[in-house]
Amino acid sequence: MTKKMTLHLRIWRQPNPHTPGRFVTYTIRDVSSDMSLLELLDVLNEELIKKGEPPVEFDSDCREGICGTCGFLVNGVAHGPKRGRTACQQYLRDFKDGETITLEPFRAKAFPVIKDLVVDRSALDRIMAAGGYISVNTGSAPDANSIPIPKEIAEQAFDAAACIGCGACVAACPNASASLFVSAKIAHLALLPQGQPERIRRVLRMVEQMDKEGFGDCSNHGECEAVCPKNISIKHIAIMRREYLRALWSL
Amino acid sequence: MATAIKLDSKVPSGPLESRWTRHKDQLKLVSPTNKRKYTILVVGTGLAGASAAASLAELGYNVKAFCIQDSPRRAHSIAAQGGINAAKNYRNDGDSIWRLFYDTIKGGDFRAREANVYRLAELSVNIIDQCVAQGVPFAREYGGLLDTRSFGGALVERTFYARGQTGQQLLLGAYSAMMRQVDAGRVTLYPRREMLDLVVINGQARGIVCRNLITGELESYVGDAVVLCTGGYGNAYFLATYAKNSNATAIWRCHKRGALFANPCFTQIHPTCIPVTGDYQSKLTLMSESLRNDGRVWVPKKKGDTRPPNEIPEDERDYFLERKYPTYGNLAPRDIASRAVKAVCDEGRGVGATGRAVYLDFSDTIREKGIEYIKEKYGNLFEMYQHITGEDPYKVPMRIYPAVHYTMGGLWVDYNLMSTIPGLFVLGEANFSDHGANRLGASALMQGLADGYFIIPYTIGDYFANTTLPKVSPEHSAFKESLADVHRFLTKLLSIKGNKTVLEFHRELGMILWDYVGMARNAQGLQIAIEKIRKLREEFWNNLKVPGDNNMLNKNLEMAGRVADFLELAELMAIDALHREESCGAHFREEYQTPDGEALRNDEQFCYVAAWEYTGDLGKPELHKEPLVFEFVTPTVRSYK
């Protein structure tokens with residue numbers, strides 16, 4: 001049932017990368033429990049603008065959990081209390097009336113803060129450029145049904161391909177490792193027959209780029225899997241390791 | 001300022017089936033060594049932009065790709081759910097290129113070019129091949145071959161899908177292909193950039209001015225052609241299924257630099273979205289049309305029936321789509337289904353707290369095929385519904401209502417996808433080309449990728465081979481003027497220092513458009529809309545409050561610029577809707593309907609593309625007409641009964 005709530009937001013405010021940030025607490029009264037957490041930030045920002053204070057900057061785009069743009073720590077958890085969801089899919093009905101909610105940006109060396117809750121995740125694009133693809137020029141593809149792929153394999157590849165590149169896995173990892181993100185792409189393509197020709201080059205280059213970007217190593221904490229909004233399994237990291245060893249042996 | 005623009009569609013002649021092939025054979029080519037001398041600016045990295053950037057770079061051109069998001073992978077194509085059409089006829093169910101062509105042109109209520117639509121159907125086949133080769137994990141059958149399902153407006157199963165995330169998987173395919181070219185040094189990425197002006201020199205599109213959204217700096221980029229892939233303008237309505245950052249600024253600024261805007265009143269309202277719950281709402285969420293394969297749409301027969309759905313017996317339910325359109329049933333096309341939903345709600349038979357919703361009920365399918373069947377096909381959609389509403393759609397029927405979802409209108413382009421400004425090409429939803437007055441489901445992905453992978457790589461070469469392009473530098477006076485214009489515009493927004501926020505203006509504009517330029521329109525309402533939009537625009541420029549400064553990340557300033565443009569475009573949408581005195585597709589004028597409430601077209605007077613020219617006076621755009629000639633199909637009354 002819809003009810004009215006009062007919430008306190010303790011938010012990380014940082015005007016730019018060079019100025020130290022700090023937490024500021026705001027109170028918002030009489031909001032509907034059907035509202036989303038990002039809509040609560042919209043309401044707060046309207047109030048701040050009217051008062052002549054700078055609004056809280058945060059990234060968001062599709063607001064339906066698929067684009068991967070939004071994301072910050074909610075009470076220390078990447079994306080928030082409800083598992084398997086992005087920040088934009090967290091609703092106030094899942095918080096307590098009168099609760100203080102702490103919001104801060106994803107923390108990782110490879111994700112520098114730009115402003116308030118906005119971080120720079122372009123390192124993930126550079127890892128993709130290093131090998132997250134199958135080399136096939138436009139126009140050179142054979143008929144789609146000439147490559148049969150068993151349904152189970154296609155489903156497994158899909159489970160890995162569902163990654164939205166939000167970076168929550170990095171934010172949750174004590175080592176700030178991007179292993180879940182990288183392994184999801186490696187597994188997706190290594191599972192498919194189309195991905196075989198570049199299998200070795202892909203894993204070597206993507207892992208190398210991940211290291212270069214300053215992400216840490218994986219030490220099996222499993223925090224990444226717990227916060228992944230698309231429930232990508234940590235088993236993909238095992239696949240990535242196997243792929244990496246296999247690649248090293250074949251050199 | 002009106003000029004003697006002659007609209008030349010450049011549609012080739014001859015048999016429909018061989019037009020594109022013959023056209024390609026006649027296009028001029030650029031040699032491999034010369035290709036690297038050309039720089040192409042691709043704006044937007046959705047399906048159209050990413051596929052164009054990748055394909056053009058593969059050919060050897062220098063590509064600069066711009067997007068407003070922090071990563072090109074976030075473009076709103078990612079949110080497309082249900083699928084992509086292709087005339088593969090893998091099902092042996094009678095599909096063909098001709099049939100996909102016919103369904104699409106009929107679905108568009110005979111307001112698109114035959115040759116364009118036929119080419120789209122033809123290329124659909126290549127798209128699926130390309131995407132599979134890239135590793136897109138489409139749904140498969142146990143034998144390992146590709147699975148398909150049906151979508152609205154078709155009697156065959158030609159829609160390929162990847163669970164409920166087809167757009168995501170196709171976009172990641174195109175994005176990956178583009179990132180490969182980034183690695184190869186042929187594409188340079190410019191994320192968090194917003195195009196704020198087009199630079200035209202000697203009548204040719206030669207560059208763009210962007211704002212760096214992190215630093216606020218204005219940047220000039222020189223190119224030999226500009227390829228605009230910036231999507232549709234549905235966010236003019238504020239509440240829509242678009243992403244929050246989707247906007248019309250790039251196409252609108254090009255319009256003001258001379259590109260004609262075609263059929264702006266053709267805006268699609270999708271029947272199955274999660275209904276509005278409160279005035280704080282920031283967007284609406286689509287529930288894929290594919291759900292109508294297995295879900296049945298109904299309302300109570302009685303007005304004001306407030307019983308919970310499971311307490312309403314079968315014989316007191318009205319499955320109104322099945323009743324009104326027995327042949328297509330729940331898979332009636334979007335415009336028709338939306339109007340039917342609105343009609344039953346207007347009668348007072350809507351459900352839910354606001355009465356502006358109908359049920360989409362899966363209980364029959366769950367009973368017949370089991371919950372696992374539904375989970376596999378629509379799992380993520382059911383989850384999303386539950387996240388948003390807090391209700392379990394496996395147990396209670398979904399409640400749905402129409403919402404703004406797509407715009408068929410856009411910048412006018414010829415058969416080569418070039419606008420009325422030489423060197424400015426427009427792809428995907430940003431152009432007007434293929435869907436007429438209504439788009440069929442699973443056709444947006446098809447068009448974005450056809451344009452980017454298979455059309456622009458051919459047509460842009462012909463432009464270069466036929467055109468002399470003098471050397472231009474960012475020091476050219478046209479760049480300087482454009483920079484000054486943009487700077488003035490931004491400074492003005494910041495200097496008003498009024499009392500109302502951008503969001504308040506945007507919501508107000510959205511209400512005007514939804515009430516008067518929405519699912520049903522009439523002359524009187526449209527005149528009221530035009531008055532109200534003008535008044536709101538005036539208030540905007542006198543009472544807007546934008547916080548912060550220009551030299552920083554300032555999302556409110558970004559939004560302010562976009563809303564300023566929506567306030568201008570909205571008037572053109574209303575003017576176009578007022579001038580088109582007929583009902584066709586998604587454009588339903590209440591004055592023009594059949595006795596049983598269906599759209600009544602007027603082919604004698606309105607069988608044309610309405611392309612509007614900016615004259616400097618927003619209230620007096622100049623209309624140019626491109627007549628639509630039907631040589632191969634006969635426009636008929638569009639019946640789905």
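Because the model is predicted, local features need pLDDT of at least 70 and side-chain atom pairs count only at pLDDT 80 or more, while totals for chains, interfaces and linings use all residues. Residues are numbered from 1 along each chain as its sequence is written, chains are lettered from A in the order in which they are written, and side-chain values use heavy atoms, with hydrogens and water left out.

Start by selecting chain A, whose C-alpha atoms fill a box of roughly 60 × 40 × 35 Å along the principal axes. In cartoon view, look for 8 helices and 7 strands, which are DSSP runs numbered from the N terminus (helices H or I, at least four residues; strands E, at least two). Of the 251 residues in chain A, 62% are buried, where buried means under 20% relative accessible area, exposed means over 50%, and partly exposed lies in between (1.4 Å probe, protein chains only).

Next, colour residues 4-115 of chain A as domain 1 and residues 122-249 as domain 2, bounds that come from an automatic or database domain assignment. The centres of domain 1 and domain 2 of chain A, taken over C-alpha atoms, are 29 Å apart.

Now turn to the interface, where 19 residues of domain 1 of chain A are in contact with 19 residues of domain 2 of chain A, contact meaning heavy atoms within 4.5 Å. The two domains of chain A bury about 1,300 Å² between them, 65% of it on carbon and sulfur atoms; buried area is the accessible area (1.4 Å probe) that two parts lose on being put together, summed over both. Select G84(A), A110(A) and F111(A), which supply 32% of the area that domain 1 of chain A buries against domain 2 of chain A, more than any other three residues.

For salt bridges between these domains of chain A the count is 0, the criterion being a side-chain nitrogen of Lys or Arg within 4 Å of a carboxyl oxygen of Asp or Glu.

Then select D30(A), in strand β2 (residues 22-32) of chain A, which has a positive phi of about 55° although it is not a glycine. Most residues other than glycine have a negative phi. With 56% relative accessibility, D30(A) counts as exposed.

Finally, move to chain B and select N202(B), in the loop between β7 (193-201) and β8 (204-212). N202(B), also not a glycine, has a positive phi of about 50°, and at 63% relative accessibility N202(B) counts as exposed.
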